[in-house]
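Biologist: Hi! Could you walk me through this model? Start with any word I'll need, please.

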Amino acid sequence: MLAMPGSTEEAWFDSAATLESDCSDEDFLSIPDDMLSLSGLDGASSTSFASPRDTSHMNGDVSVQRILSLEHPEESCNGSSARNSVSGAAKSSVPSSGTTPVFLDEISSSAGEAAGGDDSILDNCGILPNNCLPCLASTVHTDEKRRSLTSSPRKKAALKLPFKWKDGHPAAALFSSKALLQRPIAGSQVPFCPLGKRVPDSWSEVEPGTFRVRGVNYFRDKKKDLAPNCAAYYPFGLDVFLSQRKIDHIARFVELPSAKSSGKLPPILVVNVQIPLYPATFFQGETDGEGISFVLYFKLSESFAKDLPTHFLENIRRLIDDEVEKVKGFRTDTNVHFRERLKILGRVANVDDLPLSAAERKLMHAYNEKPVLSRPQHDFYLGENYFEIDLDMHRFSYISRKGFETFLDRLKLCVLDFGLTIQGNKVEELPENLLCCIRLNEIDYLNYHQLWVSEETLD
């Protein structure tokens, strides 16, 4: 399989805008926010896993039937299919880690210290030197203090590891009590639910024509219209996985259905939404650690060539091929990756049913259904019969992360509609069409299990 990484930039970016914003997309571009990280510390991490289970955990017969219908489309019309067995699981052993975790009470003591050099991060912060405070002067020699600051193995480990919960914390118990799944069937974890019924922990199809996108006259009136009621890809499954580290290119670790390529577009689209569970820290800027992966699976529409306009099909191909386009600037033209046009369409369908304060409800109504470009927190991978898009919330800005943290415990009460499109920047590229869309019905991540991968693969 050929891996095609997108942006590897580790800086933070903000995707927020003011409450008085209009409906234009320009207010929701990703804005550099790397100045928030003052320490410049490395976000690399090393954690260890428990031993994997020998068998895969599967539930949701309806989801498996929908997955297997890709292999036998003539049977899917009658609603009957057979369950295929899971292919051989990975058997590589997991190396143990000799490093120690970082606890919550250690963050304050280690966040302001640098790992090397003679200068401390506080040198230029307006702190008075010792010679200005003779009555408080330390009796320890300056060289000894510097050696103790730079040679402490605990401090160095604290600066290099991601945040880890203490053993007594509920989040620590969450991972220790969850089973490890080895190469499960794609889409076997969350069952399907017909649209209109209310079944928690399920997914449903949603009409593409219910999303608002740039219409034909957008560049004249700046108004959004309902999208054409067709998409390039339609959902066939959803998985929710817990992980102690962020899992990129997750399609390698699940059993995708066999599907023949049409030659024009990959038959399967995988969207991996990576959500952090560890606290956002203002100074350290960790971008890896415990989290959730919402893995969405889509199959190519059988009538995509007939239903979708030629310009949109060409744009999908340019997205997959990672083409570069020239963008006119004020002084000079610049080359920009076409993938930076990928746009997320998200909304909470049941805002009025959620337990929100007045301020939270105002914010929700202000930002609900606002599109945002996924750049630069995205990566792309092309497999033999699939194309994967990873949307990395671990790299969101501190403000965005903190806002989502306060809402995480209410995620299980939300009905979420999710879609992707390619932004139209020219009149001939309008109206925008949907790449894919799906509805998530009150997903409670505490009900799901860990996906096992080897440490060597993550590194």
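Modeller: A residue is called buried under 20% relative accessible area, exposed over 50%, and partly exposed in between, using a 1.4 Å probe and protein chains only. This is a predicted model, in which local features need pLDDT of at least 70, side-chain atom pairs count only at pLDDT 80 or more, and totals for chains, interfaces and linings use all residues. Residues are numbered from 1 along each chain as its sequence is written, and side-chain values use heavy atoms, with hydrogens and water left out.

Biologist: Thanks! Are E432 and K343 buried or exposed?

Modeller: Both E432 and K343 are buried.

Biologist: And what does E432 form with K343?

Modeller: A salt bridge, with the closest N and O atoms 3.0 Å apart. The term means a side-chain nitrogen of Lys or Arg within 4 Å of a carboxyl oxygen of Asp or Glu. E432 is in the loop between β17 and β18, while K343 belongs to strand β13 (residues 342-348), so this pair ties together parts 89 residues apart in sequence.

Biologist: How many salt bridges does the structure hold?

Modeller: There are 20. In one of them, the side chains of K246 and D392 meet at 2.8 Å, N to O. K246 sits in the loop between β8 (233-243) and β9 (268-276) and D392 in strand β16 (residues 386-392), so they tie together parts 146 residues apart in sequence. K246 is buried at 11% relative accessible area, and D392 is buried at 2%.

Biologist: What about R410 and D409?

Modeller: They form a salt bridge too, with closest N and O atoms 3.8 Å apart. R410 is buried, at 13% relative accessible area, but D409 counts as exposed, at 53%.

Biologist: Which residues are linked in a network?

Modeller: Salt bridges link R318, E323, E325, R341 and E429.

Biologist: New topic: what's the strand order in the open sheet of five?

Modeller: The order is β5-β18-β17-β13-β14, with antiparallel pairing. At the edges are β5 (202-204) and β14 (372-373), each pairing on one side only. Two strands count as paired if DSSP finds at least two bridges between them.

Biologist: How many bridges do β17 and β18 pair over?

Modeller: Seven, in the antiparallel sense, between β17 (residues 415-422) and β18 (residues 434-441). There, V415 stands opposite N441 in β18.

Key
Helix = DSSP H or I, 4+ residues; strand = E, 2+ residues; numbered from the N terminus.
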